[in-house]
Amino acid sequence: MSSAAYPPPSAPPANMFGTVPGYEGMAAGGGGYLPPPMPLQPVAPPQPSPEPEDWSIPSLSEDDARDAFKDYVSSHCCYNKGPASDGVITKMEPYDTYRYRLETYTESRSTEWATKPHEGEPADFYTQTAPRPWEVPVTAPNLFTNHMEEIRVPYTSSVKDCNSCHSTGTMPCDECHGDGSKVCWVCNGSGKRGEESCTQCDASGKERCDKCDSRGTKECETCKGKRQLLTYIQLKVEWTNNVEDHVVRQDSGLEADDLRSVTGKELFKNNQYLLYPLLGFPNPAISEASEKMVREHQSKYAQNARILQQRQTVELIPITKVKYKWKSDSHKYYVYGNERTVDCDKYPATCCCVIQ
């Protein structure tokens, strides 16, 4: 059967999607993110967190600096161990810096009309009042964990004929265009190879279509051969941990990107439904960043999402510039992060296979 015998797929008819109270004006493309309802009870304002009694910052000892350097050299097969073993530390300069992290954990909801092949599900449209988007019960994941769920809204489902295949369950094969056969690849449809008949197609100029087993049709991709569709409102619920960092500038010589791969000593952490800016921190840049970021997060994310929890953390990222002498020459390296990562651009004793 030729593909001309099949009417082309049509767009979903205007009456394919009903009107559901609470979802008016929602088109097939979706209703966008929906602002959460106002809380029924007044929300208590955020409260200042208790200030830690001690903001003390540990320093790196010479032994720790030397051990980190030895481990670094041992991990490089072409580095001579002399500088790490025999070098004399002459000066250690701390450039410890702080990383303030604010996390705002939100839940957002959006809706759209959706369809799936009808597999016997009951059509519950209008059997009861459909719950509004923020009334649909969901089970939230662990706090500060990204997650997404798609839920069929109860009492919005109806059964419709498939508009793609006009309820036939099949579509023309896109390989043979509904003919069940295609042009012979050997003779290119002529039926001959030179002066002789083509043996591939028995001189017919055509061969069977393997993709559709010569039927000329394939299963409808929209309804999967079921001929009908279940249409319903789909609710998408997204839990997102919105994270923002502020690193206080330091002038050690290390690039800020070097610090992304390391962790620091956690000096402070607290979480509440809504946070109060961190006050009383010894470095005023942290307090200023906290005040600005907390205000911006609460304003930005409350517009189209529900804030479930906020968490703020202050880390000390230890950075030490170590100067040392080896064979009368002065050199330096850096030790940074809890991992005691070493950065040494110009190691003074390497074999010829190492390019400095």
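## Close-up views of a predicted model

**View 1. Lys-218 and Asp-174 meet in a salt bridge.** Lys-218 counts as partly exposed, at 23% relative accessibility. Here buried means under 20% relative accessible area, exposed means over 50%, and partly exposed lies in between (1.4 Å probe, protein chains only). This is a predicted model: local features need pLDDT of at least 70, side-chain atom pairs count only at pLDDT 80 or more, and totals for chains, interfaces and linings use all residues. Residues are numbered from 1 along each chain as its sequence is written, and side-chain values use heavy atoms, with hydrogens and water left out.

The N to O distance between Lys-218 and Asp-174 is 3.3 Å. A salt bridge is a side-chain nitrogen of Lys or Arg within 4 Å of a carboxyl oxygen of Asp or Glu. The pair links distant parts of the chain, 44 residues apart. Lys-218 sits in strand β11 (residues 217–219), and Asp-174 in the loop between β6 (170–172) and β7 (181–183). Helices (H or I, at least four residues) and strands (E, at least two) are DSSP runs, numbered from the N terminus. Asp-174 is also partly exposed, at 42% relative accessibility. Salt bridges with shared partners join Asp-174, Lys-211, Lys-218 and Glu-221 into one network.

**View 2. Arg-311 pairs with Glu-103 in a salt bridge.** Side chains of opposite charge can pair when their charged atoms come close. For Arg-311 and Glu-103, the closest N and O atoms are 2.9 Å apart. Arg-311 belongs to strand β14 (residues 306–317) and Glu-103 to strand β3 (residues 97–117), so the bridge ties together parts that are 208 residues apart in sequence. Glu-103 is buried, with a relative accessible area of 8%. Another salt bridge joins Arg-109 to Glu-107, with closest N and O atoms 2.8 Å apart. Arg-109 and Glu-107 are both buried. The structure holds 20 salt bridges.

**View 3. Gln-310 is a buried residue of relative accessible area 0%.** Gln-310 lies in strand β14. Its side chain makes a polar contact with the side chain of Thr-104, at 2.9 Å. A polar contact is a pair of N or O atoms within 3.5 Å; within protein, one must be able to donate a hydrogen and the other to accept it, and residues adjacent in sequence count only if both atoms are side-chain atoms. Setting aside neighbours within four places in sequence, the residues in contact with Gln-310 (heavy atoms within 4.5 Å) include Glu-103, Phe-144, Tyr-273 and His-297.

**View 4. Helix α3 runs through residues 284–301.** Its 18 residues should span 26 Å at 1.5 Å a residue, and the end C-alpha atoms are 26 Å apart, which agrees. The expected span is 1.5 Å times one less than the number of residues. Ile-286, Ser-287, Ala-289, Ser-290, Met-293, Val-294, His-297 and Tyr-301 are buried in α3. These residues cover an arc of only 160° around the axis, which puts them on the same side of α3. The arc is that of the directions from the helix axis to the C-beta atoms. Among the elements covering the buried residues are β3, β12 (228–247) and β14. The face turned away from the buried side carries the exposed Pro-284 and Glu-288. Asn-283 caps the N-terminal end of α3, with a side-chain oxygen 2.9 Å from the backbone nitrogen of Ala-285.

**View 5. Helix α1 covers residues 62–74.** At 1.5 Å a residue, its 13 residues should span 18 Å; the end C-alpha atoms are 18 Å apart, which agrees. Ala-65, Ala-68, Phe-69, Tyr-72 and Val-73 are its buried residues. Seen down the axis, they fall within an arc of 135°, so they line one face of α1. They pack against α2 (82–86), β2 (88–94), β15, β16 and β17 (341–343). Asp-63 and Asp-71 are exposed on the other side of α1.

**View 6. Tyr-126 and Ser-328 lie in loops.** Tyr-126 has a positive phi of about 70° although it is not a glycine. Its loop runs between β3 and β4. Tyr-126 is exposed, at 54% relative accessibility. Ser-328, also not a glycine, has a positive phi near 70°. Ser-328 is in the loop between β15 (319–326) and β16 (329–336), and it counts as exposed at 70% relative accessibility.

**View 7. Model confidence is given by pLDDT, the predictor's confidence in each residue, from 0 to 100.** The protein averages 85, and 86% of the residues score at least 70.
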